[in-house]
Amino acid sequence: MTSQSLSTASKPPAPLNDDELPFSERDSAHIPGHWLLARLGKRVLRPGGLELTRQMLAHAGLKDHDVVEFAPGLGATAAEILGHDPRTYVGVDEDPKAAAIVEGIVAGKGHCVTSKAQETGLDAGSADVVVGEAMLTMQGDRGKQQIIAEAARLLRPGGRYAIHELGLEPDDLDADTKTRIRKDLARAIKVNARPLTSSEWTALLEAEGFEVDWIDTAPMALLNVRRNVADEGVMGVLRILRNVMRDKAARERVLLMKQTFTRYKRYMNGIAIVAHKRS
């Protein structure tokens with residue numbers, strides 16, 4: 001079974017009320033950018049879009065394997081994973097509201113625990129595949145290393161680690177531009193995002209005992225209309241636009257995010273990597 005047969009394999013993410021979402025207590029001016037977009041109705045929150053996620057999952061080899069997903073968020077990728085018929089699925093999210101959302105999506109086919117990706121509490125060597133998307137980018141150097149090390153601990157020898165993150169290009173991008181991008185991103189999305197170049201992501205994985213098997217990129221078009229139609233559908237885009245128009249503070253935040261993404265579009269991408277754990 002492939003992700004194309006998802007509709008018969010698992011429940012798609014359902015519409016959510018604001019109070020069901022993480023950071024529901026924060027107003028639109030101060031909530032982290034990805035959760036603001038979720039509040040507005042966006043369900044695919046990946047830098048390279050749903051198609052890059054699907055390519056990554058296909059290369060990860062999920063069928064009949066034990067899969068752990070770090071920070072599954074709203075469960076869009078969890079639903080995609082279940083469409084590949086894994087033997088087991090475990091989500092790990094430190095936010096109890098996000099964990100509850102994912103639990104509702106995977107119920108009967110897997111479960112989600114409330115824990116940090118740096119220290120999941122799961123048994124060593126219990127997974128064939130670990131998946132993580134748009135979450136390493138939000139960590140500093142130490143946090144990235146700890147999460148990748150935890151993925152290595154969970155995986156059996158030869159197991160695969162699949163990530164989909166925010167990337168920078170080209171590989172020789174100068175330090176001043178990297179710093180400027182990170183500062184402007186932090187101002188726009190209210191998170192200290194630290195994207196890396198392809199060679200930097202590869203080096204991090206190799207340092208924790210992984211060997212990269214596959215890399216691909218896609219434009220970072222999170223707020224592009226065409227990308228959103230592909231990811232959310234026409235009705236989903238109309239719902240998002242309606243919600244944006246109703247909330248002035250949210251509209252100002254979204255415009256700032258879009259301006260920032262547009263300013264640096266030549267330097268940013270969505271990057272997906274599948275690596276295996278060396279024996």
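Start at Asn243 and leave aside its neighbours within four places in sequence: Asn243 is in contact (heavy atoms within 4.5 Å) with Arg39, Leu40 and Gly41. This is a predicted model, where local features need pLDDT of at least 70, side-chain atom pairs count only at pLDDT 80 or more, and totals for chains, interfaces and linings use all residues. Residues are numbered from 1 along each chain as its sequence is written, and side-chain values use heavy atoms, with hydrogens and water left out.

Asn243 sits in helix α9 (residues 225–246); helices are DSSP runs of H or I, at least four residues, numbered from the N terminus.

Next, select 175–189 and 248–263. These are α7 and α10, which pack at about 160 degrees with axes 9 Å apart. Axes are lines fitted to C-alpha atoms over the stretch in contact, and angles run from 0 to 180 degrees between N-to-C directions. The pair is therefore roughly antiparallel (over 145 degrees). Show side chains: Asp184, Leu185, Arg187, Ala188 and Ile189 of α7 meet Arg253, Leu256, Met257, Thr260, Phe261 and Arg263 of α10. By class, that contact has six nonpolar, one polar and four charged residues.

Last, select α6, residues 141–154. Its 14 residues reach 20 Å from first C-alpha to last, close to the 20 Å expected at 1.5 Å a residue. Colour its buried residues: Gly143, Lys144, Ile147, Ile148, Glu150, Ala151, Ala152 and Leu154.

Terms used: Helix = DSSP H or I, 4+ residues; strand = E, 2+ residues; numbered from the N terminus. Parallel < 35°, antiparallel > 145°, perpendicular 65-115°, else oblique. Nonpolar A, V, L, I, M, F, W, Y, C, P; charged D, E, K, R; others polar. Expected span 1.5 Å × (residues − 1). Buried < 20%, exposed > 50% of the residue type's maximum accessible area, 1.4 Å probe, protein only.
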